[in-house]
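This briefing concerns a single protein chain and is intended for reading alongside its sequence and coordinates. Please keep both at hand while going through the points.

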Amino acid sequence: MEFLKLSREEYHEFEKNHPLREFMNAVEAYDAKILNGWDAEFVGVKEDGEVLAAALLTSIPVFKIFRYFYAQRGLLLDFKDEKLLKFFTSELKKYCKSKKGLYLVTDPAIMHKEMDIEGKLIPNGYDNSYIIDLMKNNGWEHNENTPGYGGAAYIRYIFSLYINNRSKEEVLKSFHTRTKRSITKTVKNSIAVRELSLDEIEIFLQMMDETADRRSFDKKTHASFKNIVKAYGNHGKLLLAYLDVEVFKENLIKEKANLLNELANTEKRIAQIPDSEKLKKRYATTIESIKSIDDKLVEADNLKTEYGNIINMATSFFTIYDNEIVYVYGGTNDNFRKYFAPYALQWHMICHAVDNNINKYNFYGISGIFDKNANDYGVYEFKRGFSGVVEKYIGDFTLPIRPLAYKLYRHLKR
């Protein structure tokens, strides 16, 4: 076996077929890091010309004279091959040390233990704890994933929906009643979804800023967002959910015409069967529905007067690969919450997953705190309405390159 730098093509050929492949260790993640000012390279292990292991290795300065290295969502190898893991770890340590490395962190794209929709462990489910022992045996320190967002390089807990060859109708039927109702309302409210070009990214950026301010999230810089969207290219999709007020009004007018026709027919039936309570109830219900549409038509006119004909309501950025769609970022205009635009975006992409035989639909980050009183419980509640499962990554691993200097660094960082 030999340790060496890999070309982009070699890494991509290996990565795209690896079971631990995901958007954070794809070649597009390398492009995003480069654009955002990191150093990045591909390294790996070959034997007889065949790549056996690989990592996307990124780094930035720490302590002015050292560097922090990160093998993001790596390492890509067969962890059961202890000889390969030992060799790769040893060579990575030597390589990082030669480049003034202080420590190396990796967070493999491996789930720890199987969980259900409530985040509870499933008896006799999968358990990858053995990988923790293997890593420790090779000098890695394990940083167990704990609930919450702080302290980890990237997301610890995610919420995932597995399509499992189901049709759109079957997937929709599996959703929570409230989620199904919300998706139906987006259709009734004429919420449309379209893709934003890079030239239109300001729509996305503005909505992300507003969402961060409203929910007290840390803001990414506009440049960072732009670089990420640009880097993922065809593997990224920037979507907008919006309302075209004129289309909304046209649909309301058509619906009202149908109701008026239904009302006329009901009146004729009542004339024939004047004592029918069922017909009288249907008549009253139809009158209420017509009144509701009239109210919506007034509301539509008011919306157009205040906001114009096209109203942007929600936006999201997704990554798309043949094995997984990931909902990476999302922002909303809180003035239009009652139109349920985020549901339109999610359903649009879930349909894309079904149409393209992509099995995993990853709603991405949740805190892992399932207390209804938690500040961000609403994020989990929104995602669990789509009837998936909670998944928890196995955790971060740190490999000290210069143990004494790293110990001092950790002390000062505290």
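The model is predicted. The protein chain contains 13 helices and 14 strands. Of its 414 residues, 49% count as buried.

**Overall architecture**

- Taken along the principal axes, the C-alpha atoms of the protein chain fill a box of roughly 90 × 45 × 45 Å.
- Among contacts in the protein chain with a separation of 6 or more, 76% are accounted for by residues 24 or more positions apart.

**Helices α2 and α8**

- Helix α2 spans residues 27–35 and helix α8 spans residues 222–232; the two pack at an angle of about 150°, and their axes are 8 Å apart.
- The crossing of α2 and α8 is right-handed.
- On the α2 side, the contact is made by Glu28, Ala29, Asp31, Ala32 and Leu35; on the α8 side, it is made by Asn227, Ile228, Lys230, Ala231 and Tyr232.
- Sorted by class, the contact of α2 with α8 has 6 nonpolar, 1 polar and 3 charged residues.
- Asn227 has its place in helix α8 and belongs to the contact with α2.
- Asn227 counts as buried because its relative accessibility is 17%, where the cut-off for buried is under 20%.
- When neighbours within four places in sequence are left aside, Asn227 is in contact with Leu35 and Asn36.

**Helices α6 and α11**

- Helix α6 (residues 177–188) and helix α11 (residues 341–355) pack at an angle of about 95°, with 8 Å between their axes.
- The two helices, α6 and α11, are therefore roughly perpendicular to each other, since angles of 65 to 115 degrees count as such.
- From α6, the residues Thr179, Ser182, Ile183 and Thr186 make the contact, and from α11 the residues Tyr343, Ala344 and Trp347.
- The contact of α6 with α11 comprises 4 nonpolar residues, 3 polar residues and no charged residues.

- Helix α3 covers residues 82–98, which is 17 residues.
- From its first C-alpha to its last, α3 reaches 24 Å, close to the 24 Å expected at 1.5 Å a residue.
- The buried residues of α3 are Leu84, Leu85, Phe88, Thr89, Glu91, Leu92, Tyr95 and Cys96.
- Lys100 follows α3 and has a positive phi, near 65°.
- Gly101 lies in strand β5, which runs over residues 101–106.
- Gly101 counts as buried because its relative accessibility is 0%.
- Not counting residues up to four places away in sequence, Gly101 touches Arg67, Phe69, Cys96, Ile401 and Arg402. Of these, Cys96 is also one of the buried residues of α3.
- Gly101 and Pro61 are 40 residues apart in sequence, and their C-alpha atoms are 8.8 Å apart in space.

**Thr286 in helix α10**

- Thr286 is placed in helix α10, which comprises residues 277–307.
- Thr286 is buried, because its relative accessible area of 3% falls under the 20% limit.
- With residues up to four places away in sequence not counted, Thr286 touches Leu259, Glu262 and Leu263.

Methods:
Residues are numbered from 1 along each chain as its sequence is written. This is a predicted model: local features need pLDDT of at least 70, side-chain atom pairs count only at pLDDT 80 or more; totals for chains, interfaces and linings use all residues. Side-chain values use heavy atoms; hydrogens and water are left out. Axes are lines fitted to C-alpha atoms, for helices over the stretch in contact, and angles run from 0 to 180 degrees between N-to-C directions. Helices (H or I, at least four residues) and strands (E, at least two) are DSSP runs, numbered from the N terminus. A crossing is left-handed if the near helix is turned anticlockwise from the far one by less than a right angle, and right-handed if clockwise. Contact means heavy atoms within 4.5 Å. Ala, Val, Leu, Ile, Met, Phe, Trp, Tyr, Cys and Pro count as nonpolar, Asp, Glu, Lys and Arg as charged, and the others, Gly among them, as polar. The expected span of a helix is 1.5 Å times one less than its number of residues. Buried means under 20% relative accessible area, exposed over 50%, partly exposed in between (1.4 Å probe, protein chains only). Angles under 35 degrees count as roughly parallel, over 145 as roughly antiparallel, 65 to 115 as roughly perpendicular and the rest as oblique.
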